[in-house]
Amino acid sequence: MSDSIDPAQLKSYSPNAKWAQSHRPECVSAIGLILLAWNRTEEQLAWTISGIMGITLIGDEGIGHSSDWIMATVMAETGTVHARIKIVDAILKKALEGHPLRDTWATIRQRLRQLADRRNVVVHTSWAWSEEQPGYLLQIERDGKVWGWNERHFSNLFDDIKSMEEELHAFMIAVADELRAGTLTSLYLTPKKIPQF
């Protein structure tokens with residue numbers, strides 16, 4: 001979490017990326033790492049769904065993934081992070097119905113939503129800098145509240161997102177293992193699975 005700052009302490013502040021980059025470049029770099037980590041997290045979501053559809057590759061060298069172009073397109077064209085999570089959630093609820101991995105997904109989903117909210121703050125804030133609080137980038141909310149973010153705050157969020165990406169990867173492997181063991185059925189309709197009418 002960030003630090004609350006009394007707005008009365010700020011005589012002035014300079015909002016825009018130029019000031020943030022000039023005075024807190026390590027924070028700007030950390031924001032970039034957050035974006036990269038989140039991208040990897042969303043890739044894990046797409047790969048998990050592709051796996052459920054039968055696209056995950058399971059070979060002698062282990063589990064690989066080939067994100068299905070349909071799922072990749074759906075994720076890319078969906079406008080918000082929360083909408084992407086809802087799409088994945090709807091698919092996984094159906095695919096994991098009656099399976100213990102459904103409870104695992106429910107726990108992951110809750111944490112993922114919280115991280116999405118934190119990520120959105122970082123991505124959608126117009127950061128400011130002030131001489132009165134030079135150790136921070138400032139997040140100034142519409143209601144006038146001010147939050148100070150330093151490198152530690154951004155690094156903590158990066159670490160949390162990276163941990164989520166690793167957790168999603170482990171979940172994806174668990175789903176693939178269940179598919180291989182036959183205890184979870186793929187939703188993907190191969191010619192042998194297409195119902196005859």
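Helices here are DSSP runs of H or I with at least four residues, and strands are E runs of at least two, numbered from the N terminus. With that settled, let's start at Ser-130, in the loop between strand S5 (128–129) and S6. Quick caveat first: this is a predicted model, where local features need pLDDT of at least 70, side-chain atom pairs count only at pLDDT 80 or more, and totals for chains, interfaces and linings use all residues. Residues are numbered from 1 along each chain as its sequence is written, and side-chain values use heavy atoms, with hydrogens and water left out.

So, is Ser-130 buried or exposed? Buried means under 20% relative accessible area, exposed means over 50%, and partly exposed is in between, with a 1.4 Å probe and protein chains only. Ser-130 counts as buried because its relative accessibility is 1%. Its side chain reaches the backbone oxygen of Ser-12 at 2.8 Å, and it also makes a polar contact with the side chain of Glu-132, at 2.7 Å. By polar contact I mean a pair of N or O atoms within 3.5 Å; within protein, one must be able to donate a hydrogen and the other to accept it, and residues adjacent in sequence count only if both atoms are side-chain atoms. Leaving out residues up to four places away in sequence, Ser-130 touches Leu-10, Ser-12, Tyr-13 and Leu-138, where contact is heavy atoms within 4.5 Å.

Strands pair, by the way, if DSSP finds at least two bridges between them. Gln-139 stands opposite Trp-147 in S7. The two strands form a hairpin with five residues between them, and Gly-144 in the turn has a positive phi of about 95°.

Then comes helix H6, residues 151–181. At its start, a side-chain oxygen of Asn-150 gets to within 3.0 Å of the backbone nitrogen of Arg-152. H6 has 31 residues and reaches 45 Å from first C-alpha to last, close to the 45 Å expected at 1.5 Å a residue; that expected span is 1.5 Å times one less than the number of residues. Buried residues in H6 include Phe-154, Leu-157, Ile-161, Met-164, Glu-165 and Leu-168. Keep in mind that an α-helix has 3.6 residues a turn, so residues three or four places apart point the same way. After H6 comes Gly-182, with a positive phi near 85°.

Now, how many salt bridges does the structure hold? It holds 13, each being a side-chain nitrogen of Lys or Arg within 4 Å of a carboxyl oxygen of Asp or Glu. One of them joins Glu-42 and Arg-84, at 3.1 Å, N to O. Glu-42 lies in helix H2 (residues 25–52) and Arg-84 in helix H4, so the pair ties together parts that are 42 residues apart in sequence. Both of those residues are buried.

Another is Asp-89 with Arg-109, at 2.9 Å, N to O. Asp-89 is in H4 and Arg-109 in helix H5 (residues 101–124), so this pair ties together parts 20 residues apart in sequence. Asp-89 and Arg-109 are buried too.

Glu-97 and Lys-94 meet at 3.8 Å, N to O. Glu-97 counts as exposed, at 52% relative accessibility, and Lys-94 is exposed at 57%. Lastly, Arg-40, Glu-43, Lys-162 and Glu-165 are linked in a network of salt bridges, and Glu-165 is one of the buried H6 residues I listed.
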